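This report is meant for a reader who is meeting the structure for the first time. It moves through charged pairs, a helix, a cavity and aromatic contacts in turn.

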Amino acid sequence: MRPKDIGTRMESKIRDVINDWAGWKVCERVALHGNNDHGDLRIIVDELVLTGESKHCKEYPSEGMLDDFKAQTITENVNAGQDGGVLFVNLANRSVQRWEVWMQKSTFLKLHGLDQVVERYELDDAARARLEQLLIDTKHDWLRLTMAAFMHLCWGSPAWGKGE
């Protein structure tokens, strides 16, 4: 199968899985824009619009390769003029629920806000301070999630689990 066909199938799978989870159309594939690419997917979460970039890997990507994927995600999000970028990494022989999703902390905080994230947990003052520092620390600017965790973070429980 050609790499372009693999990419198309992956993008369509991500779109279908996200829309099924959310219960309505919140994700769509994006047409190519030549050198000014706008990512592979447009994803709506509340009032935010995210740029999704997808990568299929036969084996776990090296740190340098992941850095390149992240840089491409940032560039394509800027090109699209959206609120944040999300990188989907499909690792061979993993179910879609276990694919990796990389999100910049700034995007995560736009979705939920530092106060909301910290307030979600009953923490003592020292633990709260450590969590706040982790979330604002720019040394590690990306969060790694599974696809299932990403969808739960963005849309809560799956639509089919809500009696809809």
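## Charged pairs

A salt bridge, as the term is used here, is a side-chain nitrogen of Lys or Arg within 4 Å of a carboxyl oxygen of Asp or Glu. The model under discussion is a predicted one, and the structure holds eight salt bridges. One of them brings together the side chains of Lys-25 and Glu-28, with 3.7 Å from N to O, a distance that counts because the limit is 4 Å. Lys-25 is exposed, at a relative accessible area of 59%, whereas Glu-28, at 28%, is partly exposed.

Another of the salt bridges joins Asp-16 to Arg-15, and here the closest N and O atoms are 2.9 Å apart. Both partners fall in the partly exposed class, since Asp-16 has a relative accessibility of 42% and Arg-15 has a relative accessible area of 25%. The salt bridge between Lys-55 and Glu-53 has its closest N and O atoms 3.3 Å apart, and its setting is a buried one, with Lys-55 at 17% relative accessibility and Glu-53 at 3%. Elsewhere, salt bridges that share partners join Lys-25, Glu-28 and Arg-42 into one network.

## A mostly covered helix

Helix α3, which covers residues 105-112, is mostly covered, in that six of its eight residues are buried. The buried residues of α3 are Lys-105, Thr-107, Phe-108, Leu-109, Leu-111 and His-112. Just after α3 comes Gly-113, which takes a positive phi of about 75 degrees.

## The cavity

How many cavities of 30 Å³ or more does the structure hold? There is one cavity that reaches this volume, and the volume of the largest cavity is about 30 Å³. Its lining is made up of Val-30, His-38, Leu-41, Arg-42, Leu-50, Thr-51, Ala-80 and Gln-82. Arg-42, which is among these lining residues, is also a member of the salt-bridge network with Lys-25 and Glu-28.

Two strands, β2 (41-45) and β3 (48-57), each supply at least two residues of the lining of the largest cavity. Sorted by class, that lining has four nonpolar, three polar and one charged residues.

## Aromatic contacts

The structure holds three aromatic pairs. In one of them, the rings of Phe-88 and Phe-150 have their centres 5.6 Å apart and their planes at 85 degrees, so the pair is edge-to-face. This pair links distant parts of the chain, as Phe-88 lies in strand β4 (residues 84-91) and Phe-150 in helix α6 (residues 147-155), 62 residues apart. Phe-88 is buried, with a relative accessible area of 0%, and Phe-150 is likewise buried at 0% relative accessibility.

Phe-150 also pairs with Trp-155, and because the planes of these rings stand at 90 degrees, with their centres 5.8 Å apart, the pair is edge-to-face. Trp-155 is buried, as is Phe-150, and ring pairs link Phe-88, Phe-150 and Trp-155 into a cluster.

A further aromatic residue takes part in a contact with a charged side chain: Lys-70 lies over the face of Trp-102, at 4.1 Å from the ring centre.

Methods: Residues numbered from 1 in each chain as written. Predicted model: local features only at pLDDT ≥ 70, side-chain atom pairs only at ≥ 80, totals over all residues. Heavy atoms only, no water. Buried < 20%, exposed > 50% of the residue type's maximum accessible area, 1.4 Å probe, protein only. Helix = DSSP H or I, 4+ residues; strand = E, 2+ residues; numbered from the N terminus. 1 Å grid on protein atoms, 1.4 Å probe; cavity = no way out; pocket = protein on both sides within 12 Å on 5 of 7 lines; lining within 4 Å. Points joined across faces, edges and corners; volume = space filled by probe spheres on them. Nonpolar A, V, L, I, M, F, W, Y, C, P; charged D, E, K, R; others polar. Phe/Tyr/Trp six-rings, centres within 6.5 Å; stacked < 30°, edge-to-face > 60°. Lys NZ or Arg CZ within 6 Å of the ring centre and 35° of its normal.
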